[in-house]
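Please open the model in your viewer and keep the selection tool at hand.

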Amino acid sequence: MEITTRGLWTLVHGMGFGALYLLACSGALVELWRRYAPTDLSPITEREEAFLRWYLLAMALLAWIAVLTGTYIIYPWYRAIPQAGTVNLGGYPQRLLLSNPATSGWHSIGMEWKEHVAWLVPISITMAFAVFNHHRRNLRNHPELRAAVLSFMLISFLAAGIAGFFGAMLNKHAPVEGGEKIQLMQGESR
Amino acid sequence: MSSHSAGATTPAAKAMTNGSGAAAILAAGFASFVLAVLAIAADKSTTIKTLMNFYRPTGPLSGVTTSAILAWIILWIVLERSWRNRSLPMTRINRIALALFVLGLLLTCPPIADLF
């Protein structure tokens with residue numbers, strides 16, 4: 001069972017940072033909706049407040065690491081240009097997708113949207129963290145701030161979902177592969 | 001006593017201004033819109049595409065995102081300094097920020113971006 005270094009980076013970017021962000025997003029939305037509603041009269045403890053602060057900070061870090069690894073490590077491999085006369089486009093995912101009308105849309109719509117829309121996610125979650133870090137439990141007294149944070153997070157969840165969906169589909173049709181091979185496990189031989 | 005230290009709502013907590021939050025929210029909406037506009041501009045104009053090529057392996061995406069992030073941070077700092085001690089009409093700011101954010105999301109979609 002082997003994986004290439006490029007394949008490993010893509011896995012860490014998508015399944016590690018991206019998917020973890022999506023999972024975390026639903027939790028933060030529920031917590032902000034439920035515990036910080038102006039109608040909830042039960043006091044918010046310092047422990048609960050600290051938990052959400054660290055949770056949002058972790059989400060912001062995940063989002064930043066996801067877009068930075070995607071843009072500056074994986075994307076250059078994806079858009080690499082082959083030398084003239086190259087027949088096997090396996091190491092050039094963008095060119096491989098564009099070489100076939102049946103797959104070109106995965107680049108011209110999928111990647112073109114993904115590479116930009118993903119950047120809305122760290123912007124919105126950093127804002128959410130900053131607003132929560134400033135107001136903390138007092139966010140309950142500012143329902144309009146809470147509504148804005150929830151709305152931005154909900155749309156960022158959608159943006160992360162779009163990026164994640166296209167990332168998975170792109171990797172299915174033209175995986176980013178190459179570099180050294182890493183042996184993960186020894187398989188059984190028959 | 002810090003406004004963060006009480007378990008229940010205090011008068012100090014209620015009096016806390018919303019200016020810092022408003023600055024962060026509006027700046028985030030603006031940044032999303034700027035990112036989408038720069039992405040369209042870099043796609044349509046060869047000059048802007050070349051200008052946005054900050055890091056060759058990543059291409060114009062590097063300049064588009066870096067410029068949008070810089071615009072976001074600058075606007076956030078300016079608004080924070082102007083609004084931090086003020087209470088602002090959040091309904092209007094929320095509407096503007098959300099409209100910019102949704103426009104950012106839609107304008108990054110290639111079939112919509114190609115209309116321009």
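A pocket, on a 1 Å grid over the protein atoms alone, is an open set of points where a 1.4 Å probe fits, with protein on both sides within 12 Å along at least five of seven lines, and its lining residues have an atom within 4 Å of a point. This is a predicted model, in which local features need pLDDT of at least 70 and side-chain atom pairs count only at pLDDT 80 or more, while totals for chains, interfaces and linings use all residues. Residues are numbered from 1 along each chain as its sequence is written, and chains are lettered from A in the order in which they are written.

**Second largest pocket**

Select E112(A), E115(A), H116(A), D43(B) and K49(B), which of the 26 lining residues lie nearest the centre of the second largest pocket. About 500 Å³ of space lies in this pocket, a volume being the space filled by probe spheres set on the grid points, which are joined across faces, edges and corners. Now colour α4(A), which brings five residues, the largest share of this lining; helices here are DSSP runs (H or I, at least four residues), numbered from the N terminus.

**Largest pocket**

Next select H13(A), G14(A), K114(A), A163(A) and G167(A), which lie nearest the centre of the largest pocket among its 38 lining residues. Its volume is about 730 Å³. Which helix gives the most to this lining? With eleven residues, that helix is α1(A).

**Aromatic rings**

Rings of Phe, Tyr and Trp (its six-membered ring) pair if their centres lie within 6.5 Å, and planes under 30 degrees apart count as stacked, over 60 as edge-to-face and the rest as tilted. Over all chains, this rule gives twelve aromatic pairs. Select W106(A) and F166(A), an edge-to-face pair with 6.2 Å from centre to centre and 65° between the planes. This pair links distant parts of the chain, 60 residues apart, with W106(A) in helix α4 (residues 104–117) and F166(A) in helix α6 (residues 143–173), both of chain A. F166(A) counts as buried because its relative accessible area is 11%, where buried means under 20%, exposed over 50% and partly exposed in between (1.4 Å probe, protein chains only).

Then select F152(A) and F101(B), a stacked pair with 4.5 Å from centre to centre and 25° between the planes. Here the pair crosses between chains, from helix α6 of chain A to helix α5 (residues 90–107) of chain B. Are F152(A) and F101(B) buried or exposed? Both F152(A) and F101(B) are buried.

Finally, select W64(A), W119(A), W72(B) and W76(B), which form one aromatic cluster.

Notes. Heavy atoms only, no water. Helix = DSSP H or I, 4+ residues; strand = E, 2+ residues; numbered from the N terminus.
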